[in-house]
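Subject: Structure for your files

Hello,

Here is the structure I said I would pass on. My notes on it follow below.

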Amino acid sequence: MRDAPILSIIRRIMPLSPADTIGRAAELLRTSGLSMLPVVSNGLIVGVLSISQLLEVLSEGNAKETAEHPVSTIMSQKVICANRYMSIGQASEVMREHGVEALPILDEHGIYLGVITASDVASALSLSIRPPTVAGMATPLGVYLTTGHVRAGAGDIGLFLSGVSLMLLNYLAIGIVSVFAWLLEKTSGLPFWSVLVSPVPQTTPLMAMLKSIVVGSFAPVFLILLRLAPLSGYHAAEHQVVHAIENGEALTPEHVQAQPRVHPRCGTNIVAAATLFLILGKLFSIEVATIIAVLILVTSWKVIGSYFQYYVTTKPPTEKQLASGIRAGKELLERYRSNPGYYVTGWRRIWNTGMPQVMLGVAAVTTLDPLLHEILPGVF
């Protein structure tokens, strides 16, 4: 790790400008968690401001008045920087030589890029460095994890099978609802099955209502099947491992199992919004459904997404599922630490998200639609 580039541990911290007030600087230092911030003008560093400098000026005289003064009046113009081509080992030596806990990083033209801290350097040198964010997916073959640049766990086949599994669950939900519609028509005499298979739009209020009830049942049944499927257990294991990595926890069953099943960046939040809209769209007109969905999502977006994850798309993982997530997490960390400066862009980065493989799986199964159209022309 000593020879790894410092860009692998850089923090893209927003700098101060000379015109920023001392009060704003105090708030930015608090939110950044750093002991100093660079002061930048037109991309070039013109000074630095530390917490000790702030405390010194704010503890003298009228602090409220002092807080309105510009940063340029108290910043230090003596700045110790590092260039982007330095290694982590070289940056460590610069920090020790000058007794600083943070270094602004500049490119070859002297333009400010970000900051590295002593804690980041120490973590890298001790081989305990971790990626700041991790994404992942659940697959029938186990947990898939990625930093966007490196990936681990279930491979492309597993991701492809995720798309296949989701579509098969969708078809199974349609099949279950269709069977119940046929049984209800046989027992009650109401044309549940007839309106479902009819490709002609229903004109009478009763027939339209019956079709809305039947078609509106597809999504809830699909979600129930998803909750029962192994995918939801792998999904929970993925979230718990991601939490453990991002929180610096050890990747052991005890520590990982203690992590929450809900993750704020999960794509399930988008699925929840789409599902809510689809259900409302079956019960009301598109205009009314849109208004209701927007009102609910604006006021309760995170709450809905969290409940949706907890009760629908995840469930307590089995030992096997948790072990799959831990293996993927350890593999990801090993690959990341062996070359933290490795970056990919363009198509490769998109491929690493796993979404193209999942969509290919979905597309492969949708080739069955023409056949299913012959059976349920009112649905497909």
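**Cysteines**

At 25% relative accessibility, Cys81 counts as partly exposed, a class that lies between buried (under 20% relative accessible area) and exposed (over 50%), with a 1.4 Å probe and protein chains only. Cys266, at 13% relative accessibility, counts as buried. The structure holds 0 disulfides, a disulfide being a pair of cysteine sulfur atoms within 2.5 Å.

**Basis of the values**

This is a predicted model, in which local features need pLDDT of at least 70 and side-chain atom pairs count only at pLDDT 80 or more, while totals for chains, interfaces and linings use all residues. Residues are numbered from 1 along each chain as its sequence is written, and side-chain values use heavy atoms, with hydrogens and water left out.

**Overall**

The protein chain has 17 helices and 8 strands; these are DSSP runs numbered from the N terminus, helices being H or I with at least four residues and strands E with at least two. Of its 380 residues, 44% count as buried. The chain exposes about 19600 Å², of which carbon and sulfur atoms supply 64%; accessible areas come from the Shrake-Rupley method with a 1.4 Å probe, and for residues only the protein chains shown count as cover. Among contacts (heavy atoms within 4.5 Å) between residues at least 6 apart in sequence, 65% join residues at least 24 apart.

**Cores**

A nonpolar core is a set of buried Ala, Val, Leu, Ile, Met, Phe, Trp, Tyr and Cys residues joined through side-chain atoms within 4.5 Å. The largest one has 38 residues, and Ile6, Ile116, Leu145, Ile245 and Leu251 have the most contacts inside it. Elements giving two or more residues to this core include helix 4 (88–98), strand 4 (102–106), strand 7 (142–146) and helix 10 (230–246). Helix 10 gives the most, with 7 residues. A second, separate core of 25 residues includes Ile174, Leu196, Val362 and Val365.

The structure holds 7 salt bridges, each a side-chain nitrogen of Lys or Arg within 4 Å of a carboxyl oxygen of Asp or Glu.

- Arg30 and Glu27 pair at 2.5 Å, N to O. Both lie in helix 1 (residues 22–32), 3 residues apart, about one turn of the helix. Arg30 is exposed at 58% relative accessibility, and Glu27 is partly exposed at 38%.
- Arg84 and Glu108 pair at 3.5 Å, N to O. Arg84 lies in the loop between strand 3 (82–83) and helix 4, and Glu108 in the loop between strand 4 and strand 5 (112–117), so the pair ties together parts that are 24 residues apart in sequence. Arg84 is partly exposed, with a relative accessible area of 26%, as is Glu108, at 46%.
- Glu331 and Arg335 have their closest N and O atoms 2.6 Å apart. They are 4 residues apart in helix 14, and therefore separated by about one helical turn.

**Surface and backbone**

Val179, Phe180, Trp182 and Leu183 make a nonpolar surface patch of about 400 Å². Such patches are made of residues with over 30% relative accessible area and no salt bridge, nonpolar side chains (Val, Leu, Ile, Met, Phe, Trp, Tyr) being joined within 5 Å and like charges within 9 Å. Val179 is found in helix 6 (residues 156–188) and is partly exposed, with a relative accessible area of 46%.

Asn42 has a positive phi of about 55° although it is not a glycine. Asn42 sits in the loop between strand 1 (36–41) and strand 2 (44–50) and counts as exposed at 75% relative accessibility.

Regards
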